[in-house]
Amino acid sequence: MEEWIVIGGGQSGLAAAHAVKAVGGRPVVLEAGERPTGSWAGYYDSLTLFSPARYCSLPGLAFGGDPDRYPTRDEVVDYLAGYADHLDVDIRTGHRVEKVVAADGGFEATLADRTLTARRVIAATGGFGAPYRPALPGLDTFTGSVVHAAEYRDPVPYRDKRIVVVGAGNSAVQIAVELARVARVTLASRKPVRFASQRPAGRDLHWWLKVTGVDAAPIGRWLPEQFSTPVLDTGVYRSAFESGHPDRRAMFTNLDATTVTWSDGTREPLDAIILATGYRPGLSYLESTAALDPDGYPQHRAGISTTHRGLGYVGLEWQRTLSSATLRGVGRDARYVVRRLRG
């Protein structure tokens, strides 16, 4: 029986493995993909972080290069791969966990060709493992292209098309502005986009969050449901919307095979919809336990399971703090979870 199994080899799993190793443990990290880089390699090509490199490090290894730059997707992928090598722990790629059950004072993790047992399990597949696709009116009848932001890569296939991007968060805005350079784009959302200055008073917002202590404050459990952060902007995105490229409208009221109907009753042809509608935790391997609620969310307090002794979570959005699901914050939560599970 292993002492620790960590499920997931992205930023959350690597941070958890570091925390286990720091207390003298020998974690086994099970990663479904071919590389221990999590979801990052699958994000759209132009993705750029909204936090400077100095705030993008996991414990024990700085994010190299200019600390004030905003890293790209590929830089994050390279950093995580290097971090995995730096960790020097047992990371098994191509090992997808299909099911976890409680057994004999510990847990059994079932893979395609074997079963592993452990006293403690950390579910570190994060809060972004399952793209969320809302039931929008008429979406099932629309015959145009419908993709989630998780599947979007670049604007080339959308040139000269009529596109609707659904959402109001950072990814929705970034994708809509990028597409508006080559297509006619509307951002559709239930509420207006909220913008926040990326550099208030000449300092990056993340500097302010750190020096004020807000970033690390354990306030996650008191945040209201559906709480979301504003879109960070240097002025580029707000200017794009003010110019109408893209425009923003209230959520459409209906779709049919080829057209969209807006809240004012107008109808127009539509080629494609991109759903930048967020994600849900990717924890399907726990469905046969009582660890999840009816909506598939883990039952926990600050990352410690309230249903199973020895089970913890790392990387959930708002798990403990504002930064729980980020490169800069996941290590803090991992230390907390490991110490609590270790007793």
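Guide: Strand 2 and strand 3 run parallel and are joined by 4 bridges. Two strands count as paired if DSSP finds at least two bridges between them. Helices (H or I, at least four residues) and strands (E, at least two) are DSSP runs, numbered from the N terminus. Please note that this is a predicted model, in which local features need pLDDT of at least 70 and side-chain atom pairs count only at pLDDT 80 or more, while totals for chains, interfaces and linings use all residues. Residues are numbered from 1 along each chain as its sequence is written, and side-chain values use heavy atoms, with hydrogens and water left out.

Visitor: Which residue is the bridge partner of valine 28 in strand 3?

Guide: The partner of valine 28 there is aspartate 90. Between the two strands, the chain crosses from strand 2 through helix 2 to strand 3, and this β-α-β crossover is right-handed. A crossover is called right-handed if, with the strands pointing away from the viewer, the path from the first strand over the helix to the second runs clockwise.

Visitor: How does strand 1 pair with strand 2?

Guide: Strand 1 (residues 2-7) is parallel to strand 2 (residues 28-31), with 3 bridges joining them. Isoleucine 5 has valine 28 as its bridge partner in strand 2. Here the chain passes from strand 1 through helix 1 (residues 11-22) to strand 2, again in a right-handed β-α-β crossover. Strand 1 is also joined to strand 6, in parallel, by 5 bridges, and valine 6 has isoleucine 122 as its bridge partner in strand 6.

Visitor: What can be said of the length and the buried residues of helix 2?

Guide: Helix 2 has 15 residues and reaches 21 Å from its first C-alpha to its last, close to the 21 Å expected at 1.5 Å a residue; the expected span is 1.5 Å times one less than the number of residues. Its buried residues include Val76, Tyr79, Leu80 and Tyr83. Helix 1 and strand 3 (90-93) are among the elements that cover the buried residues of helix 2.

Visitor: How is a nonpolar core to be read?

Guide: In soluble globular proteins, nonpolar side chains tend to be buried together. A nonpolar core is a set of buried Ala, Val, Leu, Ile, Met, Phe, Trp, Tyr and Cys residues joined through side-chain atoms within 4.5 Å. The largest such core here has 66 residues, and those touching the most other members are Trp40, Leu58, Ile122, Ile163, Val165, Leu179 and Ile274. Helix 2 (residues 73-87) supplies the largest share of this core, 7 residues. A second, separate core of 21 residues includes Phe107, Ala118, Ala291 and Leu311.

Visitor: Is arginine 120 buried or exposed?

Guide: Arginine 120 counts as buried because its relative accessibility is 16%. Arginine 120 is found in strand 6 (residues 115-123). Its side chain makes a polar contact with the side chain of glutamate 3 at 2.3 Å. A polar contact is a pair of N or O atoms within 3.5 Å; within protein, one must be able to donate a hydrogen and the other to accept it, and residues adjacent in sequence count only if both atoms are side-chain atoms. A polar atom of the arginine 120 side chain also lies 3.1 Å from the backbone oxygen of leucine 341.

Visitor: Where is the cis peptide bond?

Guide: The bond from histidine 245 to proline 246 is cis, with omega near 10°. Proline 246 is found in the loop between helix 5 (236-242) and strand 13 (247-250).

Technical notes: Buried < 20%, exposed > 50% of the residue type's maximum accessible area, 1.4 Å probe, protein only. Contact = heavy atoms within 4.5 Å.
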